[in-house]
Amino acid sequence: MKKAFITGITGQDGSYLAEFLLNKGYQVYGLTRRTSTQNFARISHLIHNPKLELISGDLIDQNSLTFALKETQPDEIYNLAAQSFVQASWEQPVLTGEFTALGVIRVLEAMRLACPQAKFYQASSSEMFGKVRETPQNENTPFYPRSPYGVAKVYGHWITVNYRESYDLFAVSGLLFNHESPRRGLEFVTRKIANAVARIKLGKQQYVELGNLESKRDWGYAKDYVKAMWLMLQQDQPEDFVIATGETHSVKEFLSIACEIADLGDWQKVFKHNPKFDRPAEVDVLIGDASKAKKKLNWQPSVSFKELVALMVNAEIAEEKQRKE
Ligand code: NAP
Ligand code: G4F
């Protein structure tokens with residue numbers, strides 16, 4: 001039985017990855033940090049699975065990471081934990097650097113000392129391409145991050161490459177473009193729109209306040225993307241991969257289709273611009289070229305953009321119908 005260790009198991013990707021690995025028969029260990037109120041909403045359905053064990057620790061605490069890996073001796077380590085919200089990285093730039101940048105080297109150091117034979121996955125991001133140097137972006141496109149989050153992810157990416165080359169570790173980095181689902185945090189634009197549209201349809205809210213509608217993203221479905229993480233660790237050689245759909249759509253298109261799906265009519269009737277949600281520096285357009293992953297991992301996305309919007313809006317309508325105000 002293979003053993004996997006996941007940091008960030010309580011997040012969107014961690015929860016889907018845990019499900020995926022449990023279904024494959026893995027013993028799964030998930031790192032969770034202490035909070036005064038437990039934040040297990042996304043994994044509550046897994047918590048009694050005898051093959052899942054939660055281990056207390058924090059990306060900021062080196063000893064907790066080294067101890068966890070020493071105790072569990074995993075075959076695969078997925079480092080998904082991070083301060084992952086771009087907007088918050090301007091409000092808490094130092095904390096973002098601690099978790100999202102230095103957190104990576106802490107996990108790598110723990111692995112190097114406790115279980116150097118394990119395979120390591122780092123959750124890198126298309127935000128590293130930022131003010132893009134070429135279109136579409138692939139594994140060789142130079143980075144130009146536009147936020148403290150993007151800068152921190154560039155550190156995480158290069159330290160993973162460096163540990164692979166310095167210590168001969170099996171350490172890879174997945175350059176994942178935006179991926180969404182009903183488990184996305186409410187602060188991210190897709191879930192925020194899907195939730196607002198559902199609430200407007202049910203008469204609980206009148207409009208949605210957003211920032212820049214013109215920026216474009218390559219949006220895929222999170223369940224497809226966690227499979228790609230696993231595939232990267234099943235290879236014989238450690239290599240980095242871009243994971244993306246190859247299509248780009250604006251925030252405005254997302255809003256417009258969401259309104260269509262919820263039968264709200266013209267999106268302009270429910271939209272208000274709030275400069276609070278504009279960013280000090282924007283990433284205008286991202287579009288990924290995942291041809292290497294298609295060829296070497298035999299990976300491809302299974303959910304189209306319209307299907308993704310529908311899936312998210314319909315999930316929010318069902319959820320909001322149940323929710324008491
Ligand atoms: P998410 O939902 O925000 O989850 C982040 C996870 O990190 C949560 O489990 C959180 O735990 C944990 N965490 C944060 N700080 C921590 C710390 N100091 N110690 C231990 N755990 C900590 O993020 P996601 O969307 O699943 O993304 C997973 C990873 O992929 C992140 O590294 C993100 O930056 C990266 N990424 C995401 C996308 C995307 O589109 N989703 C694209 C590219 C890369 P709590 O529950 O305790 O807060
Ligand atoms: O949904 P977002 O906050 O995601 P963003 O900034 O692209 O970052 C996400 O994807 C990255 C991969 O490229 C991950 F690495 C990262 O962890 C995260 O998962 O914003 C998307 C776009 C931005 O251009 C933003 O300016 O939507 C625009 N936007 C417009 N109004 C808004 C809003 N974003 C948010 N969150 N809230 C708004 O009201």
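Which residues in helix 2 meet which residues in helix 4? Keep in mind that you're looking at a predicted model. On the helix 2 side, they are Q62, L65, T66, L69 and K70. Across from them, helix 4 brings in R106, V107, E109, A110, M111 and A114. Sorted by class, this contact has six nonpolar, two polar and three charged residues.

Now step back to the helices themselves. Helix 2 covers residues 62-72 and helix 4 covers residues 93-114. Their axes sit 9 Å apart, and the two pack at an angle of about 40°. That angle is why helix 2 counts as oblique to helix 4. As for handedness, the crossing of the two helices is right-handed.

Oxygen atoms of ligand 1 turn up in several polar pairs. One pair puts a ligand oxygen 2.9 Å from a polar side-chain atom of R33, and another has a ligand oxygen 2.9 Å from an N or O atom in the K153 side chain.

Y149 has a side-chain N or O atom 2.7 Å from an oxygen of ligand 2. For R217, a side-chain N or O atom is 2.8 Å from a ligand 2 oxygen. E187 uses its backbone instead: a polar atom there is 2.9 Å from a nitrogen of ligand 2.

Key:
Residues are numbered from 1 along each chain as its sequence is written. Chains are lettered from A and ligands numbered from 1 in the order in which they are written. This is a predicted model: local features need pLDDT of at least 70, side-chain atom pairs count only at pLDDT 80 or more; totals for chains, interfaces and linings use all residues. Side-chain values use heavy atoms; hydrogens and water are left out. Axes are lines fitted to C-alpha atoms, for helices over the stretch in contact, and angles run from 0 to 180 degrees between N-to-C directions. Helices (H or I, at least four residues) and strands (E, at least two) are DSSP runs, numbered from the N terminus. Angles under 35 degrees count as roughly parallel, over 145 as roughly antiparallel, 65 to 115 as roughly perpendicular and the rest as oblique. A crossing is left-handed if the near helix is turned anticlockwise from the far one by less than a right angle, and right-handed if clockwise. Contact means heavy atoms within 4.5 Å. Ala, Val, Leu, Ile, Met, Phe, Trp, Tyr, Cys and Pro count as nonpolar, Asp, Glu, Lys and Arg as charged, and the others, Gly among them, as polar. A polar contact is a pair of N or O atoms within 3.5 Å; within protein, one must be able to donate a hydrogen and the other to accept it, and residues adjacent in sequence count only if both atoms are side-chain atoms.
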